[in-house]
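Me: I have a structure to go through and I'd like to ask about it in pieces. Can you put it up before we start?

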Amino acid sequence: MQKKLGEDTIVAIATPSGVGAISIIRISGPLSLEIADSIFIGKKKLKEASSHTIHYGKIEDSANNQIDDVLISVFRAPNSYTGEDSIEISTHGNPLISKKIIEVIVKNGARIAEPGEFTKRAYLNNRLDLLQAEAVLDIINSRTEASLLGARNQLDGLLSGKVKELRQMLLDAASFIELELDFTEEEIELINNSELKNRISGIIQEIDNLLNTYNFGKLLKDGVNVALVGKPNVGKSSLLNYILKESRAIVSSIPGTTRDVIIEDVSIDGILFRLYDTAGIRKSENEIEKEGILRSQNVVKNADIVLFIDDVFLNGTNEILQEIATLTRYDRIIKVVNKIDLKRNCSKNADVFISAKTGDGIEILFTKMKEKILGNSIYTEKSAIISSMRHYNCLIKSKENLENSLISIEKHYSGEFIAVDIRNAAISLGEIIGDVTSDDVLNNIFSKFCIGK
Ligand SMILES: Nc1nc2c(ncn2[C@@H]2O[C@H](COP(=O)(O)OP(=O)(O)OP(=O)(O)O)[C@@H](O)[C@H]2O)c(=O)[nH]1
Ligand SMILES: [Mg+2]
């Protein structure tokens with residue numbers, strides 16, 4: 001797709017709807033300054049203002065009635081977020097004011113921006129690559145420190161840098177092969193097959209490393225689903241309440257207290273965990289309880305981590321553990337024994353012993369939960385991580401092409417075939433940063449943004 005620049009001037013409110021100290025209206029496009037001048041009464045014309053300056057004045061409607069006094073920031077192309085001439089108008093934070101101002105701006109020649117259109121323009125004007133544009137959305141939507149850091153790194157170009165580096169290595173390899181084809185008469189070998197295989201295998205390894213970060217990256221971004229399951233009365237709801245530091249779920253000594261699934265988010269060391277407190281699992285004839293137990297089982301199926309909770313007393317919990325193991329992967333289960341305040345030397349087999357009453361062992365439980373997420377991934381704050389299905393699919397496509405090229409080398413096919421596979425692999429990597437991207441992909445990405453971004 002040809003990158004084409006926005007020809008019309010767009011406007012939108014950039015701050016959340018509702019009442020606040022100030023609201024900010026954004027205008028971007030070739031007529032930004034002209035349109036702003038047609039409604040703004042200040043000391044001087046904005047047309048004459050230099051970039052990155054702020055101006056105080058009043059905004060009037062078409063009948064010369066004053067709407068508000070405002071501050072206007074001027075950003076001139078190409079040094080603005082979108083890369084175009086842009087204006088930001090700070091008004092008093094009343095939605096009626098911003099609505100009126102946007103109306104007069106539209107009357108004077110701008111049109112209302114589509115969701116994400118400012119960022120789309122930034123991308124089309126090469127202010128950001130596609131990965132960075134997507135990171136802007138992630139930054140806005142991040143709800144924990146960890147996901148914010150991931151998005152921040154992506155905006156800073158950590159992942160773009162990695163992808164570009166791999167793509168360049170592929171293009172170099174393809175060029176060597178193609179160059180060699182030009183010299184076939186002379187029998188010149190610029191790069192021998194085993195060297196080529198090594199290089200490609202090395203790149204596949206790097207792609208695999210990125211692919212391996214996907215689960216982790218997605219969990220950081222979307223949160224980790226944690227099921228609290230076990231027999232009735234073992235203290236699942238008590239544990240939920242302890243972690244949340246509030247009496248969220250009803251706790252009672254009567255088995256079968258919880259029926260509906262109770263869902264609460266909590267951030268532990270910057271990672272978002274979504275806790276699901278569920279109905280205790282047992283054979284029950286009660287219709288409501290039976291429905292509750294069915295729901296518990298569904299929660300287990302969708303959980304990233306299953307806290308299988310038992311207490312120091314109960315026997316015969318193995319049956320339930322076995323049932324749960326049919327609903328999830330065994331390595332997702334953490335076996336927890338609760339109520340150790342009542343019986344110190346419990347001989348049960350578990351990953352962690354806790355008391356939801358005193359809080360004993362709960363820090364260790366948190367550590368185990370984090371270990372389950374981090375797994376073997378070697379994650380440092382400066383690791384390139386992928387968290388989007390789109391990026392994952394592009395990497396898979398690239399890897400498949402490279403694997404084909406390895407087979408072609410193995411079978412001593414002509415260099416043309418090999419080069420085509422390698423170039424295709426490079427194109428798939430290019431799609432991640434948005435070198436070649438269809439309108440559909442772009443629309444899909446930017447439609448997820450809010451208006452004004
Ligand atoms: N001493 C002690 N009592 C606990 C502990 N955890 C829970 N309890 C008690 O155990 C009983 C059951 O606790 P709940 O949290 O309601 O148990 P549950 O697993 O949610 O039970 P259901 O919702 O019926 O499946 C209550 O009387 C709690 O006060 C603990 O660590 N120590
Ligand atoms: Mg309960």
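Me: What should I know about the model before reading numbers?

Reply: This is a predicted model, in which local features need pLDDT of at least 70 and side-chain atom pairs count only at pLDDT 80 or more, while totals for chains, interfaces and linings use all residues. Residues are numbered from 1 along each chain as its sequence is written, chains are lettered from A and ligands numbered from 1 in the order in which they are written, and side-chain values use heavy atoms, with hydrogens and water left out.

Me: Ok, which residues come nearest to ligand 1?

Reply: Lys-236, Ser-238, Gly-256, Thr-257 and Thr-258, out of 23 residues around ligand 1. A residue belongs to that shell if one of its heavy atoms lies within 4 Å of the ligand.

Me: And which helix gives the largest share of that shell?

Reply: Helix α9, residues 236-244, with three residues. Helices here are DSSP runs of H or I with at least four residues, strands are runs of E with at least two, and both are numbered from the N terminus.

Me: Which side chain has a polar atom 2.8 Å from a nitrogen of ligand 1?

Reply: That is Asp-341. An oxygen atom of the ligand also lies 2.8 Å from a side-chain N or O atom of Ser-237, and an oxygen atom of ligand 1 is 3.3 Å from a polar backbone atom of Val-234. The cut-off for a polar contact is a pair of N or O atoms within 3.5 Å. Ligand 1 taken alone exposes 650 Å², and the protein buries 88% of that; the areas come from the Shrake-Rupley method with a 1.4 Å probe.

Me: Where does ligand 1 sit, then?

Reply: Its space is the second largest pocket, and sitting there means that more than half of its atoms lie within 2 Å of the pocket's grid points. A pocket is an open set of points on a 1 Å grid over the protein atoms alone, with protein on both sides within 12 Å along at least five of seven lines; a cavity is a set where a 1.4 Å probe fits but cannot get out, and lining residues have an atom within 4 Å of a point.

Me: How much space is in that pocket?

Reply: About 400 Å³, counted as the space filled by probe spheres set on the points. It has 26 lining residues, and Asn-233, Gly-235, Ser-238, Val-251 and Ser-252 are the closest to its centre.

Me: New topic: how many cavities of 30 Å³ or more does the search find?

Reply: One. The largest cavity holds about 180 Å³. Among its 17 lining residues, Gly-150, Ala-151, Gln-154, Ile-385 and Ser-387 are the closest to the centre.

Me: Which helix gives the most to that lining?

Reply: α5, with six residues.

Me: Last one: which peptide bond is cis?

Reply: The one from Ala-77 to Pro-78, with omega near 0 degrees. Pro-78 is in the loop between β5 (66-75) and β6 (86-92). Separately, Asp-269 has a positive phi of about 50 degrees although it is not a glycine, and Asp-269 is in the loop between β9 (262-268) and β10 (271-277).

Conventions. Polar contact = N/O pair within 3.5 Å; in protein donor to acceptor, adjacent residues only side chain to side chain.
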